[in-house]
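This report describes a structure through its charged pairs, its aromatic pairs and its nonpolar cores. The sequence and the model follow.

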Amino acid sequence: MSIIKEIHVPDIGDFKGVDVIEVLVAPGDTVEVDSPLIMLESDKASMEVPSPVHGKVRDVKIKVGDKISEGDLILYLDVAESVAAPEPATSGGAASAAGGAGETREVRVPDIGDFKGVPIIEVMVAVGDHVEIDTPLVTLESDKASMEVPSPFAGTVQSLEVKVGDKVSQDDLLLLLAVSGSDTASKPQLPDTLSAVTLGPKARKPTGAPPAPPPPPPAKAPAPADSAAETSFAKVHASPSVRRFARELGVDLTRLAKGSGPKGRILKEDVQSFVKQVMTGAIAPAAAPATGGVAGGGVLNLLPWPTVDFAKFGPIEVKPLSRIKKLSGANLARNWVMIPAVTYHEDADITDLEAFRVQINKENEKGGGAKLTMLAFLIKACVRALQRFPDFNTSLDGDNLIQKQYYNIAFAADTPNGLVVPVVKNADQKGIFDLAKESGELAKKARDGKLGPADMQGACFTISSLGGIGGTYFSPIVNAPEVAILGVNKSVMKPVWDGKQFVPRLILPLSLSADHRVIDGALATRFNVYLAQLLADFRRVLL
C-alpha cells in the first residue's frame with residue numbers, strides 16, 4: 001500500500017525567492033533517497049534539492065523560472081507506507097553543516113572543476129582563528145584563474161594541513177575546524193564554488209505524510225524579474241562564480257547556447273571562448289544595455305586581434321603575467337571601455353606647502369616624531385574637495401546615484417608585481433600625521449604582498465601618484481564603481497609671473513579623470529581649481 005507524501009523545499013538558510021533553474025524529474029519517474037529533484041540558484045550558490053525518500057513522482061508543482069523559499073511545495077511522491085525518512089548522517093568535512101557540540105571537522109578542497117595540482121598562493125587563516133561560514137580560507141591559482149576556498153561552516157581553526165606553495169586537488173585536506181553546536185546550527189553549507197552544492201539529508205526538515213491525497217494546489221507563477229537581464233540570466237545553467245565572471249566581462253550568458261560542463265552547465269572556459277570569438281569577429285558583439293553600463297545602440301565592430309609568430313623575427317622569451325596584472329587587467333579593460341571618462345589638467349602651486357612639510361619634518365626629526373608626506377596632504381585636501389563637491393563621492397547603480405556619507409581614499413601603491421590600491425578608511429576623521437602613518441603602513445604591506453581584501457575595498461575616490469618617478473600629465477583610468485580618480489605627477493620648479501617679475505614656484509601637475517555621466521566638464525574643472533587652491537594655501541582646508 002502507498003501513501004502520498006508532500007516534498008517541500010528544505011532549510012536553505014536565509015535565502016528566499018531562490019530561482020528554480022532546472023527540474024530534474026517528471027511525473028512517473030522513480031526516485032531514490034538523495035536523488036536530485038530540482039536545481040536552485042541564489043546569488044551565492046547553486047544547489048540541488050534531493051529526495052528525502054524513495055518513491056514515484058506523482059505530480060510536480062513547480063517549473064523552471066519559479067522563485068521558491070523554504071517550505072514551498074515541490075512535488076507529490078507516491079511512497080510505500082513502510083518507507084521511513086532516512087536518519088541524518090554525517091559525511092565529513094564539507095558535506096553537511098550540522099553536527100554535535102565540540103566536534104572536529106575536516107575541511108577539504110571542494111569541487112574546482114578539472115583543475116588538479118593547483119598551487120596555494122595564500123593561506124588566509126591561522127591556528128586559533130575563528131571563521132564564519134563563507135570566510136575565505138586559502139587562495140588557489142591555476143594557469144586560468146584564481147579562486148578562494150570558503151569555509152563550509154563556522155568554527156575555530158584547530159590545525160592547518162597546507163602551506164603556501166603546496167599543490168592541491170579536489171578533496172585534499174586543508175585544515176581541521178573545531179565546531180561547536182551553535183556554530184553548526186547556523187545555516188547549511190552554501191560555498192560560492194565553481195560547481196553545484198548538494199543539500200545533504202541533514203539540511204532537510206522532515207515533513208509528515210498526509211492521511212489522504214490533498215487537492216493539488218495551483219502552481220506558483222514565476223515572480224517578475226527586476227530587469228530583462230536578470231530574467232534571461234535566471235534561465236542560464238551556470239554557477240554564481242561563472243555568472244559573476246561573465247558580468248565582469250559584460251557577457252550575456254543567454255548568447256551561449258550550451259556549456260561544456262555536465263548537463264550543459266556553462267563553465268568559465270565557455271565564457272572565455274565566447275569572448276575570444278567576439279574579439280576575432282567570429283561572433284558579433286551584442287548591443288550594450290542603456291541602463292547602468294554603456295549606453296546601447298551600437299557595436300564595437302573590432303578588428304580581430306593580430307596573431308603573430310614572434311619567434312620567426314628573432315629570439316623571444318615567454319613570461320607569464322603576474323597574478324596582480326592578470327586580476328587587474330580585466331577590470332581595467334572593462335573600466336576603460338564602459339566609463340566615458342574625460343581627463344582635466346590643473347597646476348597646483350605647492351611652494352609654501354612643501355616648505356611647511358620640510359620644516360615640520362625637520363622639527364620632528366630632532367624629537368623622533370613621525371614624518372609628513374605629500375600624499376597625506378593630498379588625501380586631506382581630496383576629502384575637503386569631496387565635501388565641497390559631493391557628486392564626486394558617489395557611485396552609479398543603474399539609474400540611481402548612490403551618495404556616500406563616508407570618505408575612504410584609495411591610493412595606488414607600486415610593488416614589484418604591479419600596482420595595487422589600498423584604502424585609507426574614514427580619512428575625514430584623521431589628522432595629517434595619522435594619514436601619513438597609515439598610508440605608509442599600507443604601502444609597506446602592499447610591497448610585502450600582505451594586503452588583505454579588506455585593505456582594498458570600500459574606496460570613494462582614488463589618488464594615483466607618479467610623483468616619485470616623474471612625468472608631466474597622464475590620464476588615469478577611473479576605478480569602477482568610483483566616478484573619479486586623481487593623477488599626480490612629479491612637482492617641478494617653474495618661473496611664474498607675479499605681476500612684476502617671474503619668480504620660481506614649485507608646481508604640482510594634477511590630472512583628474514571623471515565619469516562624464518555623473519560629472520560634466522564645468523564641475524570637474526571647479527573641483528580641480530578648488531583642490532589646487534587648497535594645496536596652495538592649506539589653511540583653506542579649515543574653512
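Glu106 and Arg108 are joined through their side chains by a salt bridge, with N and O 2.8 Å apart. A salt bridge here is a side-chain nitrogen of Lys or Arg within 4 Å of a carboxyl oxygen of Asp or Glu. Glu106 is partly exposed at a relative accessible area of 31%, and Arg108 is partly exposed at 29%. For these classes, buried means under 20% relative accessible area, exposed means over 50%, and partly exposed lies in between (1.4 Å probe, protein chains only).

The model is a predicted one, in which local features need pLDDT of at least 70 and side-chain atom pairs count only at pLDDT 80 or more, while totals for chains, interfaces and linings use all residues. Residues are numbered from 1 along each chain as its sequence is written, and side-chain values use heavy atoms, with hydrogens and water left out.

**Salt bridges**

The structure has 13 salt bridges. The table gives three of them, including the pair above.

| Pair | N to O distance |
|---|---|
| Asp19 and Lys67 | 2.7 Å |
| Glu106 and Arg108 | 2.8 Å |
| Glu354 and Arg357 | 2.9 Å |

Asp19 forms its salt bridge with Lys67. This pair links distant parts of the chain, with Asp19 in strand E2 (residues 18-23) and Lys67 in strand E7 (residues 67-68), 48 residues apart. Helices (H or I, at least four residues) and strands (E, at least two) are DSSP runs numbered from the N terminus. Asp19 is buried, with a relative accessible area of 16%, whereas Lys67 is partly exposed at 26%.

Glu354 and Arg357 are three residues apart in helix H6 (residues 351-367), so about one helical turn separates them. Both Glu354 and Arg357 are buried. A network of salt bridges with shared partners joins Asp349, Asp352 and Arg505.

Contact means heavy atoms within 4.5 Å. Ala536 is in helix H9 and is partly exposed, at 29% relative accessibility. Ala536 and Leu353 are 183 residues apart in sequence, yet their C-alpha atoms are 6.7 Å apart.

**Aromatic pairs and charges over rings**

There are seven aromatic pairs in the structure. Rings of Phe, Tyr and Trp (its six-membered ring) pair if their centres lie within 6.5 Å; planes under 30 degrees apart count as stacked, over 60 as edge-to-face and the rest as tilted. Phe377 and Phe538 have ring centres 5.1 Å apart and planes at 90 degrees, so this pair is edge-to-face. Phe377 belongs to helix H7 (residues 374-388) and Phe538 to the segment after helix H9 (521-536), so the pair ties together parts that are 161 residues apart in sequence. Phe377 and Phe538 are both buried.

The pair of Phe389 and Tyr530 is also edge-to-face, because the planes are at 75 degrees, with the ring centres 5.9 Å apart. Phe389 is in the loop between H7 and strand E19 (394-397) and Tyr530 is in helix H9, 141 residues away, a link between distant parts of the chain. Phe389 is buried at 13% relative accessible area, and Tyr530 is buried at 9%.

A charge sits over a ring if NZ of Lys or CZ of Arg is within 6 Å of the ring centre and within 35 degrees of the ring normal. Arg105 lies over the face of Phe153, 5.2 Å from the ring centre.

**Nonpolar cores**

The largest nonpolar core has 55 residues, and Phe392, Phe461, Ile519, Phe527, Leu531 and Leu535 touch the most other members. Such a core is a set of buried Ala, Val, Leu, Ile, Met, Phe, Trp, Tyr and Cys residues joined through side-chain atoms within 4.5 Å. H7 supplies the largest share of this core, ten residues. Beyond its neighbours within four places in sequence, Leu531 contacts Ala381, Cys382, Ala385, Leu486 and Leu510. Apart from this core lies another, of 22 residues, among them Val20, Leu40, Met47 and Val49.

**The chain as a whole**

The chain has nine helices and 28 strands. Of its 543 residues, 41% are buried.
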